[in-house]
Amino acid sequence: MAQEWRNDTRDKLVSSFKQLVIGRGFDKLTVRDITDATGVSRSTFYLYFKDKYDVIEYIFNREIGAAARPLIGMGYMREAFLRFIVQMQAEKQFYRRLYAVTGQNSLQEVLSKVFMEDVLRRMETHDVAAWAGTPLINNELAAEYLLNTFHFVIAWWLRQDLDDESGISVAMKAYDLVMSGAVSRLSDDKRTD
């Protein structure tokens with residue numbers, strides 16, 4: 001029963017956070033705003049999250065990471081990207097506002113933090129440096145490129161005013177266009193067109 005209450009409180013904090021980000025944006029949002037909207041104390045907030053940036057990471061891990069991580073592990077990068085887009089489409093207003101945050105703790109940084117290890121683990125069977133003929137071009141660089149590609153297409157897609165179905169289709173076409181180079185071969189992208 002106590003665990004159920006804790007999950008309910010966390011969900012309420014997350015829900016309030018999302019509504020506030022949509023309504024006010026992220027930059028001026030405070031922990032006090034979140035707790036006031038939720039009807040809990042600041043100390044209750046800190047039982048669940050370190051700060052408002054931690055809420056972003058939690059949401060991204062729970063809503064996108066949980067769905068995309070297994071696909072990345074199996075080498076299905078395109079399908080993982082599709083999962084990103086489908087999950088973000090459900091709350092596009094929220095993610096659009098969140099993507100406006102730049103610098104430290106931006107959604108791009110969270111994306112890299114959450115998935116870099118998974119992408120690197122997937123690429124362990126590849127020796128990018130040997131393939132490229134230089135140690136400067138290595139698995140870390142290829143993984144960073146892949147994640148920056150995800151970010152680039154997501155940021156571009158969020159700026160478009162498209163309905164759900166055509167928006168997802170256009171995002172996937174943009175992904176295919178950008179990924180038509182060497183990194184798609186390195187990631188063992190197992191496309192299921």
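These notes cover aromatic contacts and helix packing in a predicted model.

1. Local features need pLDDT of at least 70 and side-chain atom pairs count only at pLDDT 80 or more, while totals for chains, interfaces and linings use all residues. Residues are numbered from 1 along each chain as its sequence is written, and side-chain values use heavy atoms, without hydrogens and water.

2. There are 15 aromatic pairs, a pair being rings of Phe, Tyr or Trp (its six-membered ring) with centres within 6.5 Å. The F84 and F150 rings have centres 5.2 Å apart and planes at 85 degrees, so they are edge-to-face (over 60 degrees; under 30 is stacked, the rest tilted). F84 belongs to helix α5 (residues 77-90) and F150 to helix α9 (residues 139-159), 66 residues apart; helices are DSSP runs of H or I, at least four residues, numbered from the N terminus. Both F84 and F150 are buried (under 20% relative accessible area, 1.4 Å probe, protein chains only). Ring pairs also join F84 and F150 in a cluster with F60, F81, F115 and Y175.

3. The charged end of K52 sits over the F26 ring, 4.3 Å from its centre; the criterion is NZ of Lys or CZ of Arg within 6 Å of the ring centre and within 35 degrees of the ring normal. K92 lies over the face of W157, at 4.3 Å from the ring centre.

4. K92 is also among the buried residues of helix α6 (residues 92-99), with F94, Y95, L98 and Y99. These cover an arc of only 160 degrees around the axis, which puts them on the same side of α6; the arc is taken from the directions from the helix axis to the C-beta atoms.

Technical notes
Buried means under 20% relative accessible area, exposed over 50%, partly exposed in between (1.4 Å probe, protein chains only). Helices (H or I, at least four residues) and strands (E, at least two) are DSSP runs, numbered from the N terminus.
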